[in-house]
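Open the model in your viewer and keep the selection tool at hand. This tour goes stop by stop, saying what to select and what is there.

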Amino acid sequence: MSNQESNNSFSSRIVVLPEANIDTDQIIPARFLTTTTKAGLGKVAFNDWRYNADGSNKDFILNTIDPTEHRVLVAGNNLGCGSSREHAPWALMDYGFKAVISTEIADIFKSNSLKNGLLPVVVDKATYDKLLKNPQQRVTIDLESCALTLEDGTVFTFQVEEFARQCLLEGVDAMGWLQKRLPAIEAYEKANHKEAA
Amino acid sequence: MPKSLFEKVWDAHVVEPEGATSPAVLYIDLHLVHEVTSPQAFSELDARGLKVRRPDRTFATLDHSIPTLRPDAQGNRPYVTKQAEIQVHTLEQNAAKNGVRLFGYDAENRGVVHVIGPEMGLTQPGYTVVCGDSHTSTHGAFGCIAFGIGTSEVGHVLATQCLAQRKPKTMRITVDGKLQPGVTGKDVALTVIATLGFSGGTGYALEYAGPVIEALDMEGRMTVCNLSIEAGARCGMIAPDAKTVEWLRGREYVPHGTAFDEAAKSWLALASDEGAQFDKEIRIDGSAIEPMATWGTSPDQGAAIVRGVPVADNEDQQRALKYMGFTGGEARSAEKVDVVFIGSCTNGRMADLRAAAAIFKGRKVAEGVRALVVPGSEWVRIEAEKEGLDKIFTEAGAEWRLPGCSMCIAMNGDFVLPGQLAVSTSNRNFEGRQGPGSRTVLASPATAAASAIAGHVADPRQFMALETA
């Protein structure tokens, strides 16, 4: 990765996991959720797909690639369904991923990913098929123009909820944005008899 | 303009409406917190020098990582790991520091977060309810907009009592007819998910309606709403009616006396207006629903038990059958059960335990089957013991535990061994959900109990004295 690249515009090779309905229990199994920090979860990302019970490696793609070269995960339909655990995007990012691509990405997972700067890119079937057809390819993702460029030159324009996009581009966070609304929140509470007793 | 239940509750909570480039600021009435998805949110508050803004609207409990076995003579709890113990203590410290009420170990009200909210009347019709847990949709049974959030959003609510949200689309699911004897809310829920598909509800708030939903008790309605997320939906809701009002009357946190009657009047007015518009409408014939069991590795892969395992017609289904070790076309009775789990936020309430006990009574768990019954809360445990249900379970050969999430999420030391087949009343049958290599069949409490007795996946009706219509 060159120094000119940012989280919002970068090129990377892809990693393809074509299974549909990859749930957050697969991305990070529940028994690893007893942590109290966000750090270090990359080593258990896809734990049960990566390792045998004795800790040895399984024959699984994440054991064969260089995470610094493969920063885009392409997965089957309905990626990230299941639990609301934000540990799933934390684990993927800690492993090295900067974006996930699927034909459909589950609601809470998408929201959790955007809040952490893991870019969820929803593509149409034709684009997905092109990604699968050449699983070694390098793609470019640009959040400013919402463009996903494939190796064959195809450009797919994806959609990102505009507020989340602005937060990522400007490095603003939603907590700060909400805090600026405290006067309106207090006024709402007063008008609706929701003040603290 | 006629409004739907969802629109009425949503509109009443908009602090700032959404615009083209900004989401709505949505006010949250009730924030439920547990030990697993909150530590990093509290740390974020600390890092910013913030405190919990509305501790009076924030309630915490211990459920996911806590052991369900009793402490030893010295009072030591059998935590699965030191890290799990630290996680529990972290919540205790965060709650104390911020003045948040925690239903701790010895509290009579401790339990699974989605069981205790309604039980105490913390959950009230017309509320917005959130929790860092996807099954927060449970509370929609009371006419709440209730949904699961991630840890960042837990932090947002702790700090501001609000969330930045885009309004979802709405879908009404009308379940017509009348349920056959022996068919429960869980079977309705599994049918709805099988109908919608795993992501059929993505982007939608669901409203369940129709005579079958109206006839369900509150526990059954909670089970239906609980599983909304398994079809990808943001939340599920049911309009409050007289049953809702009576269920809530007298509970700790609801208003009392004339204030309750006034509140009840406003709750009943939440029902969708005649002519309310939905982005999508679905109808299901409730009379045709039979006891259900999943056969695959996602909650939408379910079918009526009497019909056997379907023949796979795509790669995902083939993969699921292969993982489960099932064969398309086989009878469910061919599936030998190793473990039965009755409990969870889906089916750990009194009505669920009573339904299971009715099957267990006077019978024995089949040899080689381990059956675990875990009450959803301390209140459920105490009430069940008053009714003698614990005796029925233990005499049948099942284990009776302390409340918690237990084998549903399998992060507290209760889990299914690799390769074992579990019939579970919980909400997810994902690969390894109940332990690495575990295989899970989702079903109702009656079906789980029947499967424990039979030693294989079984239709509960064979153990029921059913009245013929």
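**Stop 1: between the chains**

Select chain B and chain A in this predicted model. Between chain B and chain A, 27 residue pairs are in polar contact, counting residues at pLDDT 80 or more. On the side of chain B that touches chain A, S1, S2, helix H2 (39-47), H3, H5, S8 and H11 each supply at least two residues. Which element gives the most to that side of chain B? Colour H5(B): with 7 residues, H5(B) gives the most.

Now show every residue in the contact. Chain B brings 62 residues and chain A brings 54 residues. Together the two chains bury about 4,700 Å², and 57% of that is on carbon and sulfur atoms. Pick out B:Gln40, B:Arg48 and B:His156 next. Within chain B, these residues lose the most area to chain A, together 11% of what that side buries.

**Stop 2: salt bridges inside chain B**

Side chains of opposite charge can pair when their charged atoms come close. Over all chains, the salt bridges number 45.

Select B:Glu18 and B:Arg166. This salt bridge spans 2.9 Å, N to O. B:Glu18 lies in the loop between strand S1 (14-16) and strand S2 (24-27) of chain B, and B:Arg166 lies in the loop between strand S8 (162-165) and strand S9 (169-176) of chain B, so the pair ties together parts that are 148 residues apart in sequence.

Go to B:Asp106 and B:Arg77. Their closest N and O atoms are 3.4 Å apart, in a salt bridge. This pair links distant parts of the chain, 29 residues apart: B:Asp106 is in the loop between strand S5 (101-103) and helix H4 (113-120) of chain B, and B:Arg77 is in the loop between strand S4 (58-61) and helix H3 (82-98) of chain B. B:Asp106 is exposed, at 71% relative accessibility. B:Arg77 is partly exposed, at 24%.

Select B:Glu290 and B:Arg307 next. Here the salt bridge is 2.6 Å, N to O. B:Glu290 sits in the loop between strand S12 (280-285) and strand S13 (292-294) of chain B, while B:Arg307 sits in the loop between strand S14 (302-304) and helix H11 (315-324) of chain B, and the two are 17 residues apart. B:Glu290 has 14%, so B:Glu290 counts as buried. B:Arg307 has 59%, so B:Arg307 counts as exposed.

Then show A:Glu189, B:Arg53, B:Arg54 and B:Asp56 together. Salt bridges that share partners join these residues into one network.

**Stop 3: a sheet in chain B**

Switch to cartoon view. What is the strand order of the open sheet of 4 strands? Trace S11-S10-S9-S12 in chain B, with parallel pairing. Strand S11 (235-237) and S12 of chain B are the edge strands, each pairing on one side only. From one strand to the next, the twist averages 20°.

Zoom in on S9(B) and strand S10 (residues 204-209) of chain B. They pair in the parallel sense over 6 bridges. Select B:Thr174, and you will find B:Ala209 of S10(B) opposite.

**Stop 4**

Most residues other than glycine have a negative phi.

Select A:Cys146. Its phi is positive, about 55°, although A:Cys146 is not a glycine. A:Cys146 lies in the loop between strand S5 (138-142) and strand S6 (147-149) of chain A. The residue is buried, with a relative accessible area of 9%.

Finish at B:Gln161. This residue also is not a glycine, yet has a positive phi of about 65°. Look for B:Gln161 in the loop between helix H5 (151-160) and S8 of chain B. At 0% relative accessibility, B:Gln161 is buried.

Terms used
Residues numbered from 1 in each chain as written. Chains lettered and ligands numbered in written order. Predicted model: local features only at pLDDT ≥ 70, side-chain atom pairs only at ≥ 80, totals over all residues. Heavy atoms only, no water. Salt bridge = Lys/Arg side-chain N within 4 Å of Asp/Glu carboxyl O. Buried < 20%, exposed > 50% of the residue type's maximum accessible area, 1.4 Å probe, protein only. Pairing = 2+ DSSP bridges. Axes fitted to C-alpha atoms, helices over the stretch in contact; angles between N-to-C directions. Contact = heavy atoms within 4.5 Å. Buried area = accessible area lost by both parts, 1.4 Å probe. Polar contact = N/O pair within 3.5 Å; in protein donor to acceptor, adjacent residues only side chain to side chain.
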